[in-house]
Amino acid sequence: MDVLGLDIGGSGIKGALVDVTTGSLTTERFRLPTPEEARPDDVAEVVSQVAQHFSYKGVLGAGFPAVVHHGVAYSAANVDKSWIGTDVSALLTTATGCKSYVLNDADAAGLAEMEFGAGRKYKRGVVIMLTIGTGIGSAVFIDGHLFPNTEFGHLEIRGKDAERRASDAARERKKWTWEEWAMRFQEALSTYERLFSPDVFIIGGGASKSFNQYAKYLRIRAEIIPAQLLNQAGLVGAAVYASRSNALIRSARGAKKAE
Ligand code: BGC
């Protein structure tokens, strides 16, 4: 079954139809720039243009870079503050006419990696997926089940958010070599390892493609592996999330009718 998956980011809004049984894209990705200041109504308008591009009518899933609890955003680290308290699912449903399911962007990427990518073989134990880009996103899986909205990028390291010290944006801003960046990232990883003792870290986001350049400098006990789905993970995971959430709601309705 093909479902529209969207990845709403600070610079672009990307979409594609995803075969949710295989995790593969059945169309090319379509990307429009995120409007300046990225306010809710403006972003919703661009999301509706992306849905229209595919002449899409089914349910859609979207990854969004904030704490998202039952469709409502509760933080706004790298987006306009007016998102806080916004029912993102309702906003996108109205804008597109498609029932929309929204989750944190790193949780979406993690779902895709666990189902179709680097996390496939880790169905037991604790897996931490980190997306390293403008911020640091996190997705935690316990025996294959997502524990959502963990926001490890905002854990403080020496008095500053981890993502201020060790995101890919920080590396670019400071013009660090991979080795210099790895020293900062190591501090974050050691903190996560001390607190959560995962079996494996999966490194995704923009920094995943350069994994071999910095992995050799990292010293931790857990296994550490690069993500496999690269920049598709977010939209693939969002599509999977939408199809599962919709199926759950339909079966709950069916059960109620049968009572
Ligand atoms: C946000 C997270 C998001 C991460 C990656 C952080 O700044 O707080 O919600 O997952 O960036 O986009």
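Colleague: Let's start with D168. Which residue does D168 form a salt bridge with?

Modeller: General idea to begin with: side chains of opposite charge can pair when their charged atoms come close. We call it a salt bridge when a side-chain nitrogen of Lys or Arg is within 4 Å of a carboxyl oxygen of Asp or Glu. Here D168 pairs with R171, and their closest N and O atoms are 2.8 Å apart. Keep in mind that this is a predicted model, where local features need pLDDT of at least 70 and side-chain atom pairs count only at pLDDT 80 or more, while totals for chains, interfaces and linings use all residues. Residues are numbered from 1 along each chain as its sequence is written, and side-chain values use heavy atoms, with hydrogens and water left out.

Colleague: Where do D168 and R171 lie?

Modeller: Both are in helix α5 (residues 168-174), 3 residues apart, which is about one turn of the helix. Helices (H or I, at least four residues) and strands (E, at least two) are DSSP runs, numbered from the N terminus.

Colleague: And are D168 and R171 buried or exposed?

Modeller: D168 is buried, and R171 is too. Buried means under 20% relative accessible area, exposed means over 50%, and partly exposed is in between, using a 1.4 Å probe and protein chains only. The areas themselves come from the Shrake-Rupley method with a 1.4 Å probe, and for residues only the protein chains shown count as cover.

Colleague: Which residues do salt bridges that share partners join into one network?

Modeller: That network is made of E37, R39 and D80. Within it, E37 bridges to R39, with the closest N and O atoms 2.5 Å apart. E37 counts as exposed because its relative accessibility is 51%, and R39 is partly exposed because its value is 39%.

Colleague: How many salt bridges does the structure hold?

Modeller: There are 8 of them. Another one to look at joins the side chains of E115 and R244, at 2.7 Å from N to O. E115 sits in helix α3 (residues 105-116) and R244 in helix α8, so this pair ties together parts that are 129 residues apart in sequence. E115 is partly exposed at 33%, and R244 is partly exposed at 39%.

Colleague: Which backbone atom does the side chain of T34 reach?

Modeller: Think of a polar contact as a pair of N or O atoms within 3.5 Å; within protein, one must be able to donate a hydrogen and the other to accept it, and residues adjacent in sequence count only if both atoms are side-chain atoms. The T34 side chain reaches the backbone nitrogen of G12 at 2.9 Å. T34 belongs to the loop between β4 (30-33) and α1 (40-53), and T34 is buried because its relative accessible area is 11%.

Colleague: How far apart are E113 and A227 in sequence and in space?

Modeller: They are 114 residues apart in sequence, but 6.7 Å apart in space, C-alpha to C-alpha. E113 is in helix α3 and counts as buried, at 0% relative accessibility. For another pair, take I142 and V126: 16 residues apart in sequence and 4.7 Å apart in space, again C-alpha to C-alpha. I142 lies in strand β10 (residues 136-142) and is partly exposed at 42%.

Colleague: Last one: which residues gather in a patch of positive charge on the surface?

Modeller: Patches are made of residues with over 30% relative accessible area and no salt bridge; like charges are joined within 9 Å, and nonpolar side chains (Val, Leu, Ile, Met, Phe, Trp, Tyr) within 5 Å. Lys and Arg count as positive and Asp and Glu as negative, while His and the chain ends are not counted. Each charge is placed at NZ of Lys, CZ of Arg, CG of Asp or CD of Glu. Here the positive patch on the surface is formed by K99, R250, R253 and K257. K257 is in helix α8 (residues 233-258) and counts as exposed, at 78% relative accessibility.
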